[in-house]
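Take a look at the model below. Keep its helices in view as you read.

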Amino acid sequence: TGERIIALAKEFIGKDYVAGTLDEHNHEPLYISSTRLDCTTFVELVLAAAVCKENDFINICRTIEQIRYRNGIRNGYTSRLHYISWWITDPAKRNIIREIATPHHTATQHLDLNFMSSHPQSYKHLKDNPQATESIAKLERRLCKGDVKYIPKESIKEITEKDIKDGDIIAIVTAIDGLDVTHIGFVCWQKEELHMIHASSTAGKVINDTTSLADYLAKRKNHSGIRVFRMFQ
């Protein structure tokens with residue numbers, strides 16, 4: 001499965017990074033693009049294609065809906081799994097992805113998600129929409145509270161291929177108040193170093209990053225470490 005995910009992810013290398021494609025419409029269509037991707041829609045598309053082994057487009061669409069929306073049901077903007085902790089926990093109930101733990105998971109992040117409701121002006125569908133903002137705030141208060149373990153960035157170089165495998169999902173933990181994760185991508189080992197295939201806002205496209213994950217995180221002060229997820233076999 002990991003080899004299949006890497007092969008599929010590499011098919012999208014060079015495709016444009018475009019932020020906010022899911023927010024371009026006033027309603028909530030099941031938007032899917034193979035050429036305009038951000039980090040989350042890239043991971044969603046690759047996972048859905050990996051699940052649907054015949055690459056049947058209708059089933060890929062259905063699987064993306066299962067991954068992207070609460071309980072797999074698309075019902076407006078607030079049904080979308082906006083935070084990565086929501087995005088992970090909800091599809092796990094449907095045996096799509098699961099979080100894994102390693103001996104290197106030694107740091108703890110306390111989840112107190114509130115960034116969206118605290119910064120409604122940053123979101124097209126929350127700006128000047130107090131009703132939607134309050135709906136999001138209620139979900140923030142109810143979902144994914146408590147502590148989660150993660151691998152601190154200082155321990156990244158200690159990780160081996162026994163701990164994390166090609167095709168696993170890396171979620172980068174942030175120190176920004178009210179957020180859990182700021183970026184995701186796929187594990188790709190290169191010369192015994194951990195790298196990412198990801199939709200990079202800096203590069204403006206999907207890349208197989210030549211910078212090791214350890215160096216990538218070291219350069220960014222708000223990046224604390226990583227959580228790791230794997231598709232169910």
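Predicted model: local features only at pLDDT ≥ 70, side-chain atom pairs only at ≥ 80, totals over all residues.

Residues are numbered from 1 along each chain as its sequence is written, and side-chain values use heavy atoms, with hydrogens and water left out.

Start with helix 2 (39-51). Helices (H or I, at least four residues) and strands (E, at least two) are DSSP runs, numbered from the N terminus. Two packed helices are described by the angle between their axes and the distance between the axes. Axes are lines fitted to C-alpha atoms, for helices over the stretch in contact, and angles run from 0 to 180 degrees between N-to-C directions.

Helix 1 (residues 2-10) crosses helix 2 at roughly 130 degrees, and their axes come within 9 Å. That makes helix 1 oblique to helix 2. Angles under 35 degrees count as roughly parallel, over 145 as roughly antiparallel, 65 to 115 as roughly perpendicular and the rest as oblique. The crossing is right-handed; that term applies if the near helix is turned clockwise from the far one by less than a right angle. Contact means heavy atoms within 4.5 Å. Helix 1 brings Arg4, Ile5, Leu8 and Ala9 against Phe42, Val46, Leu47, Ala49 and Ala50 of helix 2. This contact has eight nonpolar, no polar and one charged residues. Here Ala, Val, Leu, Ile, Met, Phe, Trp, Tyr, Cys and Pro count as nonpolar, Asp, Glu, Lys and Arg as charged, and the others, Gly among them, as polar.

Now turn to helix 3 (57-68). Its axis lies 9 Å from that of helix 2, at an angle of about 130 degrees. Helix 2 and helix 3 are therefore oblique to each other. Their crossing is right-handed. From helix 2, Thr41, Glu44, Leu45, Leu47, Ala48, Ala49 and Val51 meet Ile60, Thr63, Ile64, Ile67 and Arg68 of helix 3. Eight of these contact residues are nonpolar, two polar and two charged.

Grid points are joined across faces, edges and corners, and a volume is the space filled by probe spheres set on the points.

There is one cavity of 30 Å³ or more. The largest cavity holds about 60 Å³. Its lining includes Thr41, Leu45, Ile64 and Arg68.

The largest pocket holds about 910 Å³. Helix 2 gives the largest share of its lining, four residues.

Key: 1 Å grid on protein atoms, 1.4 Å probe; cavity = no way out; pocket = protein on both sides within 12 Å on 5 of 7 lines; lining within 4 Å.
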